[in-house]
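Biologist: I'd like to learn how to read cavities, pockets and charged pairs in a model like this one. Please take me through them one at a time.

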Amino acid sequence: MKKIAIFAKVHDPRCLGVAEDLIGWLAGRGVTAHVEKHLSLRLRRTTLAESAESSEIARDADLVVVLGGDGTLIAAARLIGERDVPILAVNLGSLGFLTEITLDELYPSMERCLAGDFEVTERMMLLACVERAGEVVELHRVLNDAVINKGALARIIDMETSVNGRYLTTFKADGLIISTPTGSTGYSLSANGPIIHPELECISITPICPHTLTNRPLVVDAGAQIAIKLNYAPDESVFLTLDGQVGMKLLSGDVVQIRKAPHVTRLIQSRSKDYFEVLRTKLKWGER
């Protein structure tokens, strides 16, 4: 591990403090940390780290350390893109399904990473593209979900949906969530979507407040090609949101195409807990 990138929630003083301590810890072992420019501007130990644009750091890193919550991790995963780089995600937020490494585990985990002694779990990603008048106008990768949502004052959207070229149904709803197993504990869960083990390879389709109550969440094979054609009045506002962080306004007649991405996100696993323990803890199962 020669190049270790650190991404942190820059507006959280606790994350900044942990980042500074980690930079010093790495320097004591002869390893230079690489941090994004926005983070570098908020740190005191800038002489012990190198800074660059986020995309450049993600492209060159051998290991990415994420300090924060699931949102910080998701943003880092999109930046890494097609590179096969492991991510050590440390939970400094309040509710983390992805950032399962605790602060107490940070330095023991880092020791193992520097020695090459770690295990990873691979999480599938999605590619979401928007076609307008037959041309691709947007293309994004997502770790959690792609969500079609109506604006605050918009009426119900008609979303003509097909899977592998075969007509499924026209959802009449406030929106539609296309989710990976990793994203099943995110927005999809709040819309009554299924909880899916993150190492499975499949895609869930969950309508948001459907007009027809028999429209239920559907799980399809990871190899499925999902196409959603939008139909609504020209004065309506409809948006596509990716991982809850990137968005764009859609037009009536646009087609949103979603399929499995050819690359995965690799997360370093905690040795003290498993996925089911995370579920029990975060969802407070068994508590009265």
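**Reading the spaces and the charges**

Modeller: Let's start inside: helix 4 (70-80) and strand 17 (255-268) each give at least two residues to the lining of the largest cavity. Helices (H or I, at least four residues) and strands (E, at least two) are DSSP runs numbered from the N terminus. This is a predicted model, in which local features need pLDDT of at least 70 and side-chain atom pairs pLDDT 80 or more, while totals for chains, interfaces and linings use all residues. Residues are numbered from 1 along each chain as its sequence is written, and side-chain values use heavy atoms, without hydrogens and water.

Biologist: What counts as a cavity, and how many cavities of 30 Å³ or more are there?

Modeller: Rolling a probe the size of a water molecule over the atoms shows where empty space is left. On a 1 Å grid over the protein atoms alone, a cavity is a set of points where a 1.4 Å probe fits but cannot get out; a pocket is an open set with protein on both sides within 12 Å along at least five of seven lines; and lining residues have an atom within 4 Å of a point. Points join across faces, edges and corners, and a volume is the space filled by probe spheres set on them. Here the count is 3 cavities of 30 Å³ or more, and the largest holds about 50 Å³.

Biologist: Which element gives the largest share of the lining of the largest cavity?

Modeller: Strand 17 does, with 3 residues. Among the lining residues are Ala77, Ile80, Met125, Val264 and Arg266. By class, this lining has 6 nonpolar, 2 polar and 2 charged residues. Ala, Val, Leu, Ile, Met, Phe, Trp, Tyr, Cys and Pro count as nonpolar, Asp, Glu, Lys and Arg as charged, and the others, Gly among them, as polar.

Biologist: What is the volume of the second largest cavity?

Modeller: The second largest cavity has about 40 Å³ of space. Its lining includes Phe97, Leu98, Arg123, Pro181 and Tyr275, and divides into 6 nonpolar, 3 polar and 1 charged.

Biologist: Now the open spaces: which residues lie nearest the centre of the largest pocket?

Modeller: Of the 20 residues that line the largest pocket, Ile74, Asn144, Thr185, Gly186 and Tyr187 lie nearest its centre. Two or more lining residues come from each of helix 4, strand 8 (145-150), helix 6 (187-190) and helix 7. Helix 4 gives the most, 3 residues. The largest pocket has a volume of about 350 Å³, and its lining has 8 nonpolar, 8 polar and 4 charged residues.

Biologist: On to charges: how many salt bridges are there?

Modeller: Side chains of opposite charge can pair when their charged atoms come close. The rule for a salt bridge is a side-chain nitrogen of Lys or Arg within 4 Å of a carboxyl oxygen of Asp or Glu, and the count here is 9. One of them pairs aspartate 117 with arginine 271, with the closest N and O atoms 2.9 Å apart. This pair links distant parts of the chain, 154 residues apart: aspartate 117 is in the loop between helix 5 (106-114) and strand 6 (120-132), and arginine 271 in the loop between strand 17 and helix 7 (275-283).

Biologist: Which residue forms a salt bridge with glutamate 122?

Modeller: That is arginine 266, with the closest N and O atoms 4.0 Å apart. For exposure, buried means under 20% relative accessible area, exposed over 50%, and partly exposed in between (1.4 Å probe, protein chains only). Glutamate 122 is partly exposed at 47%, while arginine 266 is buried at 17%.

Biologist: And lysine 172 with aspartate 158: how far is it from N to O?

Modeller: Their side chains meet in a salt bridge at 3.0 Å. Lysine 172 is in strand 10 (residues 166-173) and aspartate 158 in strand 9 (residues 157-163), so the pair ties together parts 14 residues apart in sequence. Lysine 172 is partly exposed at 35%, and aspartate 158 is partly exposed at 23%. Elsewhere, salt bridges with shared partners join Asp84, Glu122 and Arg266 into one network.

Biologist: Is aspartate 145 buried or exposed?

Modeller: Aspartate 145, in strand 8, is buried yet has no salt bridge. The nearest side chain of opposite charge is arginine 78, 8.4 Å away. In that search Lys and Arg count as positive and Asp and Glu as negative, with His and the chain ends not counted.

Biologist: Last one, the backbone: what is phi of asparagine 192?

Modeller: Phi of asparagine 192 is near 70 degrees, a positive value in a residue other than glycine. Asparagine 192 sits in the loop between helix 6 and strand 12 (202-208) and is exposed at 59%. Cysteine 209 also has a positive phi, near 45 degrees; it lies in the loop between strand 12 and strand 13 (218-221) and is exposed at 53%.
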